[in-house]
Every structure is written in C-alpha cells, then in structure tokens.
Amino acid sequence: MAECLYHPTHGYYSRPETPTASKEGDFMTSISVGPVFGQLLARRFHKFWTANGSPDSFTIVEIGAHDGALALDILDYLPALDPQFAKATHYVISEPLPQRCLFLQDRLGERATIISKPKDIQAKFGVLVANEVLDALPVPLYLRTQNEWREAAVDHDGKAFQWATLPDPIDLSYDGDFPDGFVTEGDPDLNSFLGPLSEIFEKGLFTFIDYGMDEASLHHPARSAGTLRCYRNHQSNAHPLDFPGEQDLTEDVNFTSVENAARDLGLTQHLVTAQGRFLVHCAKEWLLKSPSPGEVSQFQTLIHPGQFGNRFYFCELTKGDVDYAFPGD
Ligand SMILES: C[S@@+](CC[C@H](N)C(=O)[O-])C[C@H]1O[C@@H](n2cnc3c(N)ncnc32)[C@H](O)[C@@H]1O
C-alpha cells in the first residue's frame, strides 16, 4: 500500500498533474464539492482564534494538502471574514512527496509555506487540519485462518501480484469470535504520524476529518471483509493488487485508535461527530448572510446524510491550556 500510494515515481499520489480528487479524477472529497467547505472551516478556526484572545500570530497547518484547493478556499475567504484574522494567519502545508511540494509551491506562491516534514515548523498557537489523510496511511492486512491471525503479504509469480500470508501467527487482541477467512486491517503507524504533529504547537486545535468508526464497529465479527478498498474512475473495487499506482487505496479510520494514540501524546479529544452535525454548527452565522443558491447547494451536499454528512466525521483534539470553543456554543 505504501509503494502503490507513495512510491516517488510510480505512486498514486506522486503525480500531481493527474487529477484524483475531482469529477475528472477517481473520487470526490468535501473540498472538491466547492469552496464552502473551506469557508466553514475558516469560520471554525476563527472561532477558536477569538475564543483564545485573538493573538497577533496564528498558524494554520494543513497536512496532505493535495492540490492546494482547501488552502486557497480558506485563504481567499479570510479577508472578508475578518481582516485582523487574515493578517494574523500564516498558512503552512506539510506534504511529504517532493513532486507535490513543487506543485503546491507553484500554485500557492507566497501565500503559504510548504514543508516536507512537520518537524520543520514550530508555532506557539494555531490549528492543524487534515482532510482525508488518516484514511490514506498504509495499513497491514490480517487474515483469520485455522483460529489464528496471519498478516497478509504480496507475492509475485513473474506475471502478476498475488496474495500470500506470512508464516508466523500473530497475536491480535480484537474481541470477538472470528470465523476462518475473516479479513481486517490493522492500524497505520499512528505514533509516527501523530507524534511529530503533536509537537508543532505549544497550544492548538487539531481537526481530523475522515470516514471511519470506533474499534468495536470496525472489528465486529460481522464486518468480515475489512474496509480496505480502491477507487478508480469513481468506481470502488476490492482488488488492491490491480492497477498498482493507478488507483487510490484507502481504509476506514479507527477513531478509537486515534484517540488512544493522541492521548498518549498529550492531546485531549473533544469530539468525534458526523460532518453534517458539525458543519451545521459552523454555518449558523454563514446561513444568515444569504449565501447564493450555488453555495447553499454545496452546503446541502456536505451535510446531507446520504452524501458527505453521515459518512464523514470531525475528530477534534486540543493541546495545552486552551478554550476549545465548540462551534455550537
Ligand atoms: C486522499 S488525499 C486527500 C487530499 C486532500 N486533503 C483532500 O481532501 O482533497 C491524501 C493526501 O495525504 C497526503 N499524505 C499522506 N501521508 C502524509 C503524511 N504523512 N503527511 C502529510 N501528508 C500526507 C498524500 O500525499 C495525499 O496528498
């Protein structure tokens, strides 16, 4: 999965000129729906900034900014939202793939600082946002066979990739009675991912937006095929060995694991709630400002239970002594 997505030349995310998250690409995200998502996030971050004393310096760190669309939506909106907030804000993007860094630098110019490692930035106060990044972190795949867990592996017979299993059984502590043939994915390396992020701010808000569920639902004996899946031309499939580097690979986020890993790193989790509910809170004042029919239509797509509203979750955490400032209060 790591090679297919992040190989420096052939990885799915290593070719920024190829559209992925768009109508012409392989899948839609809340960002590709239009600028309203970024505008509502800007409002949420503004609320956090004002609740914490409107300091002169505020850093927004975006993880995995992809084509830079969210950054532009937020940055374009800030001056109208609050010129003081726009002046205080410094936008930083952390993106590990060199080709994407160059692409983002070209697209955003002076408007954002692009870094390849989170440790390259330290800020006193700010927010970190990652939309659909946790679901793109590589995960191991486990197979239940003869009452034991084995890790799945990938082999090649000279013609094509094939599934294999590693010989030694492994100990997994999932609760339940799992039948033979049951497949599930494990966690990505959350410590390596979240550890450096947790070091960026002295005080801050962390907003992760993604599809996923809690531990009990994810490893429920009825979910016998796991959640690892692929996207290509807006079709989903369950064949990760096909089209290596040419289709997206993704899994549902285990929010219980995220909370546990974040807590161990000193962060406090405030909520995991459906995107629809969260954005309705963020949008209260925005709705009173007579958005255009096009903007209302974007908002409906983002909150509709059958579209982005119930499938995606906002997971918010804080670091340090801050006012969390829930958007609904
Ligand atoms: C599914 S895309 C989401 C892109 C964008 N945030 C959106 O919602 O349209 C996942 C992105 O996360 C980036 N990514 C993966 N691992 C990362 C990491 N450790 N740090 C920062 N970005 C990462 C990938 O390069 C890719 O651009």
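Where is the place of Asn-233? In this predicted model, Asn-233 is in the loop between β10 (229-232) and β11 (235-237); helices (H or I, at least four residues) and strands (E, at least two) are DSSP runs, numbered from the N terminus. Local features need pLDDT of at least 70 and side-chain atom pairs count only at pLDDT 80 or more, while totals for chains, interfaces and linings use all residues of the predicted model. Residues are numbered from 1 along each chain as its sequence is written, and side-chain values use heavy atoms, with hydrogens and water left out.

**Backbone angles**

Most residues other than glycine have a negative phi. Asn-233 has a positive phi, near 50 degrees, and is not a glycine. Glu-132 also carries a positive phi, about 55 degrees, although it is not a glycine. You will find Glu-132 in the loop between β4 (123-131) and β5 (141-145). Is Glu-132 buried or exposed? With a relative accessible area of 14%, Glu-132 is buried, where buried means under 20% relative accessible area, exposed over 50%, and partly exposed in between (1.4 Å probe, protein chains only).

**Around the ligand**

Let us turn to the ligand.

| Side chain | Distance to a ligand oxygen atom |
|---|---|
| Asn-131, N or O atom | 2.7 Å |
| His-66, N or O atom | 3.3 Å |
| Thr-29, polar atom | 3.4 Å |

Taken alone, the ligand exposes 600 Å², and the protein buries 91% of that; these areas come from the Shrake-Rupley method with a 1.4 Å probe. The ligand sits in the largest pocket. A pocket is an open set of points on a 1 Å grid over the protein atoms alone, where a 1.4 Å probe fits, with protein on both sides within 12 Å along at least five of seven lines. A molecule sits in a pocket if more than half of its atoms lie within 2 Å of its grid points.

**Pairs along the chain**

Strand β14 (residues 268-274) holds Leu-271, which counts as buried at 13% relative accessibility. The C-alpha atoms of Leu-271 and Glu-17 are separated by 36 Å, and the two residues are 254 residues apart along the chain. Gln-269 also lies in strand β14, and at 22% relative accessibility it counts as partly exposed. Between Gln-269 and Lys-319 there are 9.2 Å in space, C-alpha to C-alpha, at 50 residues apart in sequence.

Val-322 is found in the segment after β15 (312-319), and it is buried, with a relative accessible area of 18%. Val-322 and Leu-205 are 8.5 Å apart, C-alpha to C-alpha, and 117 residues apart in sequence. Ser-292, in the loop between α10 (284-288) and α11 (293-303), is partly exposed at 32% relative accessible area. From Ser-292 to Asp-171 the C-alpha distance is 55 Å, with the two 121 residues apart in sequence.

Definitions and conventions
Polar contact = N/O pair within 3.5 Å; in protein donor to acceptor, adjacent residues only side chain to side chain. 1 Å grid on protein atoms, 1.4 Å probe; cavity = no way out; pocket = protein on both sides within 12 Å on 5 of 7 lines; lining within 4 Å.
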